[in-house]
Amino acid sequence: MVKPPIIAGMGSMPSPAGVAFRVWAPHADQVSVIGSFNDWDGAAHPMDPEPHGFWSTSVESARIGDHYKFQLSTPWGVIKRIDPYAHEVTSSVGNAIIHDPDFDWDDDNFSMKCWNELVIYELHVGTFNDDDLSQPGRFNSISARLEHLNRLGINTIQIMPVGQFAGQRSWGYNPSHIFAVDSDYGGSLGFKRFVKRAHQAGIAVILDVVFNHFGPSDLDLWRFDGWSENDKGGIYFYNDDRALTPWGETRPDYGRGEVRQYILDNVTMWLKEYHLDGLRFDSTGYIRSVGDAGTEEIPDGWSLLQAINETVARHDSGHITIAEDLRSNDWLTKDVGAGGAGFGSQWDPHFIQPIRQAVIAPRDEDRALEKIRDAILYRYNDDAFERVIYSESHDDVANGQSRIPQDVNPSDPTGWHAQKRSTLAAAMVFTAPGIPMLFQGQEFLEGGWFRDTVPVDWDQRQEFRGIVRLYRDLIRLRLDREGVSRGLCGQFTQVFHLNTQRNVIAFHRWDQGGPGDDVVVIANFSHEPQENYIVGLPAANGWTLRFNSDWHGYSESFDGFPSADLAAVPGERDGFPCHGSFGVGPYSVLIYSQ
């Protein structure tokens, strides 16, 4: 008897001859595919066994759009499971759907900006533009806000996880099916349409993915073929102490080849089938180690991170991978060939923590300028853009913390102090070295804290349109749109002035140096304005004021302190050959260039 050929690929694979199915279930005695094409009859289409526990078959009568599951006969009974590779499901506890992989991309050949020119905007699909409070937001409702993001100057969107999760509302960090796009958000087709529209608007799309744990609820992967050890999760998970994570005992078994391939196939799918420009990896510390301290390493987890980044590099070297590790590990962003994990960049706790503390502290004497200096200068592997810097993210405006305006003044989160100090933090984000990132609504003073049940308050965009303009002006300078601030995209930074008595800090940013490149940033972390204040300057002649965060046009609450251009005169100061005198308003930032 001639054995049937081994089918390449996994899950359901449509072709003109029908649909091929393939699944991994090494402890099953028999597997069948059941679905709407065979009246869910387990005897109609038994699957053929392959080496290493795989099963496959082809069904001529199956069609795109049909619902299906796998039926497994095991020593632990008959089990019905959703396809782990299902690209589309009816719900987290429903059926898999035979997915149509074809999509008209209209020759999409979008290419994202160089990493030193990225400005990232993190958003949550379910709350970003939720017009119907009874339903979560959808991809098409995000598309309706692309014009706002474009005008703001955003060139990269980072979307919180969209893999199918349990329930209707979630942050997305509880994936039940990592290959399926959440049906309430608009599913696979809705996501592809959104990515296409974003690219047409000149905006790259990065997706947050979760591989440090799966589930833990609505998880068909749990004891998928019935087998488990130590009362743990079975073939897709560690079955010993390595299973434990803060989200349950659902850490994937990174040392098992089939599980590693499952994750690598998922990475490839996002880049290839969805034309994504990069991936952000949630809590990589829990992939490479066990426990909060991270002292017990998981070598298989580290090698998986390397394999992920090698996979991305083979696909296209222009894609960015970003690690959320938050343990200040230089090796995450070192090349794989040097023993590193190979990420392009990583979220930097050295920036957000001191900057956030500095603006939230009620007293000026508690603002710790030395820590602000260190936050500005910190880098990984001597590369300014191996870190993503921000003053708000989904994690930092929830879990006991609020949006910065709320934390600055809980009784008046839209008042003078909230406006001044939150924009002071934002100005640090866009002038310090690193890849800057905003969190949804930050640009119009969104208050409270992040919840997946509360949509962004878009009415505030009009109420605080001056604050929106402040962010737009900062982004314009950060990206050197006018050819006068190239240094903000450069590698080099020097904090040359630090006055802890008066809470003034000044730093110099540059790429090649010279007019149009050298940028001087002066920040006043005091509630008092500074008049006739003298700092050193790196070059003679005039320095033009490009930005004053205290401008009255940004807010009726701002005083509009009369800061002005600088005239650099000879005389050594702060290690520079010239110096100049200026004035700056309270909790304000000035940006100068020649």
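In what order do the four strands of the open sheet with antiparallel pairing stand? The legends below begin with that sheet. This is a predicted model, in which local features need pLDDT of at least 70 and side-chain atom pairs count only at pLDDT 80 or more, whereas totals for chains, interfaces and linings use all residues. Residues are numbered from 1 along each chain as its sequence is written, and side-chain values use heavy atoms, with hydrogens and water left out.

**Figure 1. The open sheet of four strands.** The strands follow the order β1-β2-β5-β4, and their pairing is antiparallel. At the edges are β1 (11–15) and β4 (48–49), each of which pairs on one side only. Strands, like helices, are DSSP runs numbered from the N terminus: a helix is H or I with at least four residues, and a strand is E with at least two. Two strands pair if DSSP finds at least two bridges between them. Between β1 and β2 (residues 18–24), the antiparallel pairing extends over five bridges. One example is S12, whose bridge partner in β2 is F21.

**Figure 2. The open sheet of eight strands.** The order here is β21-β22-β23-β28-β25-β26-β27-β24, again with antiparallel pairing. β21 (492–499) and β24 (530–537) are the edge strands; each has a single partner strand, so one side of each has no neighbour in the sheet. From one strand to the next, the twist averages 30 degrees. Within this sheet, β25 (residues 541–548) and β26 (residues 566–573) are joined in the antiparallel sense over three bridges. W543 stands opposite L566 in β26.

**Figure 3. The largest pocket.** A pocket is defined on a 1 Å grid over the protein atoms alone, as an open set of points with protein on both sides within 12 Å along at least five of seven lines; a lining residue has an atom within 4 Å of a point. Grid points are joined across faces, edges and corners, and a volume is the space filled by probe spheres set on the points. The largest pocket holds about 480 Å³ of space. It is lined by 21 residues, and M10, H87, D265, M269 and E273 are the closest to its centre. The elements that contribute two or more residues to this lining are β1 and α5. The largest share, seven residues, comes from α5. The lining of the largest pocket comprises 10 nonpolar, eight polar and three charged residues. In this classification, Ala, Val, Leu, Ile, Met, Phe, Trp, Tyr, Cys and Pro count as nonpolar, Asp, Glu, Lys and Arg as charged, and the others, Gly among them, as polar.

**Figure 4. The cavities.** A cavity is a set of grid points where a 1.4 Å probe fits but cannot get out. The structure contains three cavities of 30 Å³ or more. The largest cavity has a volume of about 90 Å³. Of the 13 residues in its lining, G163, I178, D208, V209 and V210 lie nearest the centre. β12 (175–181), β13 (204–209) and α5 (257–273) are the elements that give two or more residues to this lining. β13 supplies the largest share, three residues. By class, the lining of the largest cavity has nine nonpolar, three polar and one charged. The second largest cavity holds about 40 Å³ of space. Its lining consists of E392, I404, P405, S422, Q442, L445, E446 and Y471. Four of these residues are nonpolar, two are polar and two are charged.

**Figure 5. Two helix pairs.** The axes of α5 and α7 (residues 299–315) are 10 Å apart, and the helices pack at an angle of about 30 degrees. α5 is therefore roughly parallel to α7. Axes are lines fitted to C-alpha atoms, for helices over the stretch in contact, and angles run from 0 to 180 degrees between N-to-C directions. Angles under 35 degrees count as roughly parallel, over 145 as roughly antiparallel, 65 to 115 as roughly perpendicular and the rest as oblique. In the second pair, α11 (residues 416–431) and α13 (residues 465–478) pack at an angle of about 15 degrees, with axes 10 Å apart. α11 and α13 are therefore also roughly parallel to each other.

**Figure 6. Two loop residues.** The peptide bond from G215 to P216 is cis, with omega near 15 degrees. P216 lies in the loop between β13 and α5. D107, a residue other than glycine, has a positive phi, near 55 degrees. D107 is placed in the loop between β8 (96–97) and β9 (120–123).
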